[in-house]
Amino acid sequence: MQDLPGNTCAFLDKYAIDYPTIRDQGDGMARSYGATGIPETYFIDPRGRMFGPLIGAISPQTLSEGVGATRSGRVLGLISGEAQRTAR
C-alpha cells in the first residue's frame, strides 16, 4: 500500500510471487475496503467477495490456511495478529 513500485517489484521477484497484485497509488482502494492501517490481509474469492481483515503480522501457515479456507468458502478471521483466531 505504501511501497514504492521498485521495492514492490523487487519483493515480488525475490519471493517468486506469481499471484495477481495491485498497488493503491493513493488510499482510495484501502478506504473502500475499510483498511485502518498496515499490515492487514484480505482474502478475495474468485467471485470478488472479500473476507477479513486479518489485522497485524501473520505467519506463513496462517496465510496458507486463509487461502485454503477462502477457496473452500470457510473463512478464518484474525482479530489481532496471531493472538486471537476464530473460524467464521
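What share of the contacts in the protein chain with a separation of 6 or more comes from residues 24 or more positions apart? Such residues account for 22% of these contacts, where contact means heavy atoms within 4.5 Å.

The model is predicted, with local features needing pLDDT of at least 70 and side-chain atom pairs counting only at pLDDT 80 or more, while totals for chains, interfaces and linings use all residues. Residues are numbered from 1 along each chain as its sequence is written, and side-chain values use heavy atoms, with hydrogens and water left out.

**Figure 1. Overall arrangement of the protein chain.** The protein chain has three helices and four strands. Helices (H or I, at least four residues) and strands (E, at least two) are DSSP runs, numbered from the N terminus. Read from the N terminus, the order of elements is α-α-β-β-α-β-β. The chain holds 88 residues, and 22% of them count as buried. Buried means under 20% relative accessible area, exposed means over 50%, and partly exposed lies in between (1.4 Å probe, protein chains only).

Figure 2. Rolling a probe the size of a water molecule over the atoms shows where empty space is left. On a 1 Å grid over the protein atoms alone, a pocket is an open set of points where a 1.4 Å probe fits, with protein on both sides within 12 Å along at least five of seven lines; lining residues have an atom within 4 Å of a point. Grid points are joined across faces, edges and corners, and a volume is the space filled by probe spheres set on the points. The largest pocket holds about 1800 Å³ of space. Its lining consists of 36 residues, and Tyr19, Thr21, Glu40, Thr41 and Tyr42 lie nearest the centre. At least two lining residues come from each of helix H1 (5–14), helix H2 (28–32), strand E1 (40–44) and helix H3 (60–72). E1 gives the largest share, five residues. By type, the lining divides into 22 nonpolar, eight polar and six charged residues. Here Ala, Val, Leu, Ile, Met, Phe, Trp, Tyr, Cys and Pro count as nonpolar, Asp, Glu, Lys and Arg as charged, and the others, Gly among them, as polar.

**Figure 3. The surroundings of Glu40.** Glu40 is found in strand E1. With a relative accessible area of 16%, Glu40 is buried. The side chain of Glu40 makes polar contacts with the side chain of Thr36 (2.6 Å) and with the side chain of Tyr42 (2.6 Å). A polar contact is a pair of N or O atoms within 3.5 Å; within protein, one must be able to donate a hydrogen and the other to accept it, and residues adjacent in sequence count only if both atoms are side-chain atoms. Leaving aside neighbours within four places in sequence, Glu40 is in contact with Ala35, Pro53, Leu54 and Ile55.

**Figure 4. The pairing of strands E1 and E2.** Strand E1 and strand E2 (residues 50–55) run antiparallel and are joined by four bridges; two strands pair if DSSP finds at least two bridges between them. Phe43 has Phe51 in E2 as its bridge partner, and Thr41 stands opposite Leu54 in E2. The hairpin of E1 and E2 has five residues between the strands, and Gly48 takes a positive phi near 90 degrees there. Pro53 is found in strand E2 and is partly exposed, with a relative accessible area of 24%. Pro53 and Pro39 are 14 residues apart in sequence and 9.8 Å apart in space, C-alpha to C-alpha.

Figure 5. Thr70 is found in helix H3 and is buried, with a relative accessible area of 9%. The side chain of Thr70 reaches the backbone oxygen of Gly66 at 2.8 Å. Ala16 has its place in the loop between H1 and H2, and at 61% relative accessibility Ala16 counts as exposed. Phi of Ala16 is positive, near 50 degrees, in a residue other than glycine.
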